[in-house]
Amino acid sequence: MAKLHSESGLIFRVALPIPLFRLFDYLAPVASPTAHPGARLEVPFGRIKAIGFLVEIVQLSELPSDKLKQVLRVLDEQPLLSAQDLQLLHWASRYYHHPLGEVISAAFPAVLRRNPSASAQTEQHYALTAVGTATDSLQLKRAPKQKAALEMFQAHKQSLSASALSRWDKNWRVPVQQLLAKQLLRAESASQTAHSIDTLIKQDALQCNPQQQAAINAVCKGLGQFGVFLLEGVTGSGKTEVYMQIICAVLARGLQVLVLVPEITLTPQLEARFRQRFAVDIAIFHSKLTDKQRCGAWLQIQQGRSAILLGTRSALFTPLKNPGLIILDEEHDASFKQQEGFRFSARDVAVVRGKLLNIPVLLGSATPSLESLHNAGSKRYQWLHLPERAGLAITPVLQLLDIRNKKMQEGLSEALIDEIKKTVAKNEQVLLFLNRRGFAPTLICHSCGWVARCLHCDANLVIHSHSKLLRCHHCGKEQRLPGQCPACKTGELTALGLGTERVEKVLMQLFGDKTIARLDRDSTQRKGALENYLEQINQGTVDIILGTQMLAKGHHFPNVTLVAILDVDSGLFSIDFHATEKLAQLIVQVSGRAGRAEKQGKVIMQTRRPDHPLLTTLISEGYNSFARTALAERQLAQLPPFSYQALLRAQAADDGLPQSFLQAVLELAQTINTDDTKILGPVPAPMIRRAGLYRYQLLFQGSKRQPLHHLLNELMPKIGQLKQGKKLRWSLDVDPVDLY
Ligand code: ADP
Ligand code: ZN
Ligand code: ZN
């Protein structure tokens, strides 16, 4: 082995954000030979300059010195990530078998990842001085702008960032400068310190019921050390109140809280509740913000200026200066799993992060995932239960409506239409759920049987009548709705099946004088459209809400007293073992939208399978019983969480390629000892062709985690060397949440 030395004699081993399972050696830079792991570096890479991350400093390289280039610049004298965060990223890279450079890169906001000159500085903050706190604002009555600014600071009792001030009044700079000159305000640089609860809270906490109090006490007792708590609370049971009271205890210790939600649309409502309650700085992080805003939020938290970070999956890795608690709301939601690139589960990584940081992790849901319930059952997680709605709200009544042989109008039975009439007559709102957008899922010729199919996918085209298009929901390709059958030229074209547009149309005929809001991906595409609808619904100007699973996610509709699931059967017959769990969660979540205030709600599910055990168990015994039955079935079938899976997917335009590639992988795997791990496949994916690509998969399943990962560790570098692998796209998904 050749050894080589830079001037300092040191070699920097660098992870680059590229899909390769290796590190790159560079000579230490002359200017700053010492840097710390996690620091961003600018390095020459091929013909470009790249930003990489220092992994370790070593004495020797396996490459001769004339082959090594020198690090151009150390971008962070002090790394922005803590040692524990780096440890977490190393773990995630190993566990998900994803290249370290891409994993570390995922922890940074785009600005810091791409732009070497981006400064890691946060915005200026301003706070009251002691004099400013004591000054009566009336003394400024001749300077109304300064008076208003002073009063605002006095009301907030905390430092305010430039962007918070801009939200308050875009002409804030002049009065703030004047207050600075009078020494009533000061520009802040200090990081957060412990606060007294008094200064943190703007609005009093609610008086909790005993179950809420027990949950709060349990978590608060566990502050300062690692532990996972699973808060299972029916919708409206006051989980958010529990979160807020625990957050308060964490803030009082001068520590920060990371709160993750599955969907961007859930952030505004939680943000509003937090802002009402807490006087601390709250940072928001999700993909709808600009790069600059995200970078700002990231640095606010990293430097300890914000006390709460509220965000989606992508916020998970944000470094916390003073970590105190991680909360994942709606922990069952599949959106916590990243489905492309670095395929990680934010829930599972959050638990590991809590362990490394030695802080508690609180998972909350009305319908916890089977994995988490299993962990609670085996005492790895502490189970906290809120079985009843908080305050005066009453639990809704669930009922099945047998629609066999019943007359239907576009998916609505007469009995249901009656219920809708009664409800709107009382000035209460109705929510109708149908998980299919568009007008109808199939266009068929009445005379020759021709069906509109996507040319690129194994799927029918969906009719969109508003836009007069046929659209593929898998690849997005669209074409004009034909006027006549393209095959026989004479036949009449008929729409088969139901979509939200079609139900909307019949609702408009039946309830012409009522306001109907359709919420699905098509109707909410415009920026702000969804927020607009939600606002209208809350103000009570909408009578009937019709929508897709968008409605199932944590929104509050206090005046809805009737919820109907139009076609519950379509979810009952999937080949993926996760489907029953997801359907049960969906039903319970949608039902939870009913009667959240003091009015009793009713939930009607139209079905042709009124005896189906999933439905009857859910209705008579509730979600937790359903979950226990489902877990018993998983155990019998040796499915997760009683076994561990990884799915290798491959796709190519040529049908033969993915098959022969996966066959080669299978043969490689068989040369490695796989006693515990079964390998199933290669088999075609349930939808074999999508967007013009043929898709196949190979499933690894083991009864223990260790041997499975051992096999994957050996296998992955070998797959990287397979020639076939270069001609197609493939990916490994550890703990897949769906198998297509
Ligand atoms: P969840 O997050 O479980 O759906 P929320 O925390 O949003 O429930 O609470 C539902 C409603 O009940 C909210 O309007 C909340 O203010 C109210 N609430 C929560 N806890 C209490 C309580 N202890 N007493 C009275 N009302 C409560
Ligand atoms: Zn025809
Ligand atoms: Zn398609």
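I began with Cys475, which is partly exposed at a relative accessible area of 25%. Buried means under 20% relative accessible area, exposed means over 50%, and partly exposed lies in between (1.4 Å probe, protein chains only). I note that this is a predicted model, where local features need pLDDT of at least 70, side-chain atom pairs count only at pLDDT 80 or more, and totals for chains, interfaces and linings use all residues. Residues are numbered from 1 along each chain as its sequence is written, chains are lettered from A and ligands numbered from 1 in the order in which they are written, and side-chain values use heavy atoms, with hydrogens and water left out.

**Entry 1: zinc ion, ligand 3**

Which residues coordinate this zinc ion (ligand 3)? I found Cys454, Cys457, Cys472 and Cys475, each through SG, at 2.2 to 2.4 Å. Donors are N, O and S atoms within 2.8 Å of the metal (3.2 Å for Na, K and Ca); water is not among the atoms, so sites may look incomplete. The angles among the 4 donor atoms run from 106 to 112°, and the site is tetrahedral. Four donors count as tetrahedral if all angles lie between 85 and 135 degrees. Along the chain, the donors of ligand 3 follow the spacing C-x2-C-x14-C-x2-C. Cys454 sits in the loop between strands S20 (442–445) and S21 (462–464), and Cys475 in the loop between S22 (469–471) and S23 (478–480), so the pair ties together parts 21 residues apart in sequence. Strands (E, at least two residues) and helices (H or I, at least four) are DSSP runs, numbered from the N terminus. Cys454 counts as buried, at 7% relative accessibility.

**Entry 2: zinc ion, ligand 2**

I looked up the donors here too. They are Cys445, Cys448, Cys485 and Cys488, again by SG, at 2.2 to 2.4 Å from the zinc ion (ligand 2). Their angles of 106 to 111° make the arrangement tetrahedral. The spacing is C-x2-C-x36-C-x2-C. Is Cys485 buried or exposed? Cys485 is buried, at 0% relative accessibility. Cys448 is partly exposed, at 40%.

**Entry 3: ligand 1**

I counted the shell next: 18 residues surround ligand 1, and Gln207, Lys239 and Arg273 are among the closest. A residue is near a molecule if one of its heavy atoms lies within 4 Å of it. Helix H10 (residues 239–252) gives the largest share of the shell, 3 residues. An oxygen atom of ligand 1 is 2.8 Å from an N or O atom in the Arg273 side chain. An oxygen atom of ligand 1 also lies 2.9 Å from a polar backbone atom of Gly236.

Key:
A polar contact is a pair of N or O atoms within 3.5 Å; within protein, one must be able to donate a hydrogen and the other to accept it, and residues adjacent in sequence count only if both atoms are side-chain atoms. Four donors count as tetrahedral if all angles lie between 85 and 135 degrees; four count as square planar and six as octahedral if opposite donors are over 155 degrees apart and all others between 65 and 115; anything else is irregular.
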